[in-house]
Amino acid sequence: PEPQNLKFLASFYHSRTPLRLAGMLKLTDQEKSLFECLTNFTTAYNATSEKPVLMRVAGGWVRDKILGHDSDDLDIALDTLSGADFAHAFHEHLTRADPDNADIRVATIQANPDRSKHLETARMFFKGHDIDFVNLRAEDYGDESSRVPSMVKFGTPLEDALRRDATINSLFYNIHDEKVEDWIGTISPRAFQIYKTRSFVRH
């Protein structure tokens, strides 16, 4: 959305209860194993943390899976931890469980506000998937005529959904309850059919 529209949209959807739908995605065995590892880690982490963390797969992977396409590229959005902090803690958890996992590489992408990279993220390859760990984001625009945010901060699922480039990319898959979350009214059979036939043609 245009920057000047974000405040209006946020207020419009503020009281909305997200639509949560089960059974929309068919997971592969690798995806099931990956999500099981992640939930085992967060269960242990949340048992001792003052700020429990929730994981949602965001954007393109959710879109692809709903439309019946496989995808090995995941963005995992977090609500209370930076992507880098989560990835390194997850890596330590994996290494304690199996020392061979120490060879898994975690690449940290440093914050760089000069290039509109305001928050630290991390990337790893695990169980056949390229995984980017990010946090839910909200964008502030000092100049409402510009499409470049002046500041990016931790956000809510709604704020993160509103900043995305297409409504079909605003869906989340909640790893904990295994449901697709729709915060802004994206899901409709007609919308998906139009997107599938006109905008998502595979060659």
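This is a predicted model: local features need pLDDT of at least 70, side-chain atom pairs count only at pLDDT 80 or more; totals for chains, interfaces and linings use all residues.
**Group meeting: the sheet and its cores**

In strand S3, Leu78 is the bridge partner of Met55. Residues are numbered from 1 along each chain as its sequence is written, and side-chain values use heavy atoms, with hydrogens and water left out.

Strand S2 (residues 55–58) pairs with strand S3 (residues 73–78) in the antiparallel sense over 4 bridges. Two strands count as paired if DSSP finds at least two bridges between them. Strands here are DSSP runs of E, at least two residues, and helices are runs of H or I, at least four residues, each numbered from the N terminus. S3 is also joined to strand S6 (residues 129–135), in parallel, by 6 bridges; there, Ala77 has Val134 in S6 as its bridge partner.

In what order do the strands of the open sheet lie? The 8 strands follow the order S1-S10-S9-S2-S3-S6-S5-S4, with mixed pairing. Strand S1 (19–22) and strand S4 (106–109) are the edge strands, each pairing on one side only. From one strand to the next, the twist averages 30 degrees. Axes are lines fitted to C-alpha atoms, for helices over the stretch in contact, and angles run from 0 to 180 degrees between N-to-C directions.

Two helices deserve mention. Helix H2 (residues 29–48) lies across S2, S3, strand S5 (121–126), S6 and S9, at about 35 degrees to S6. Helix H4 (residues 83–97) lies across S2, S3, S4, S5 and S6, at about 35 degrees to S5. Contact means heavy atoms within 4.5 Å.

Let us turn to Phe126, in strand S5. Is Phe126 buried or exposed? Phe126 counts as buried because its relative accessibility is 8%; the cut-offs are under 20% relative accessible area for buried and over 50% for exposed, with partly exposed in between (1.4 Å probe, protein chains only). Beyond neighbours within four places in sequence, its contacts include Leu34, Cys37, Phe90 and Leu94.

Finally, the cores. A nonpolar core is a set of buried Ala, Val, Leu, Ile, Met, Phe, Trp, Tyr and Cys residues joined through side-chain atoms within 4.5 Å. The largest has 33 residues, of which Phe35, Leu38, Phe86, Phe90 and Tyr173 touch the most other members. A second, separate core of 10 residues includes Ala77, Val134, Leu158 and Trp183.
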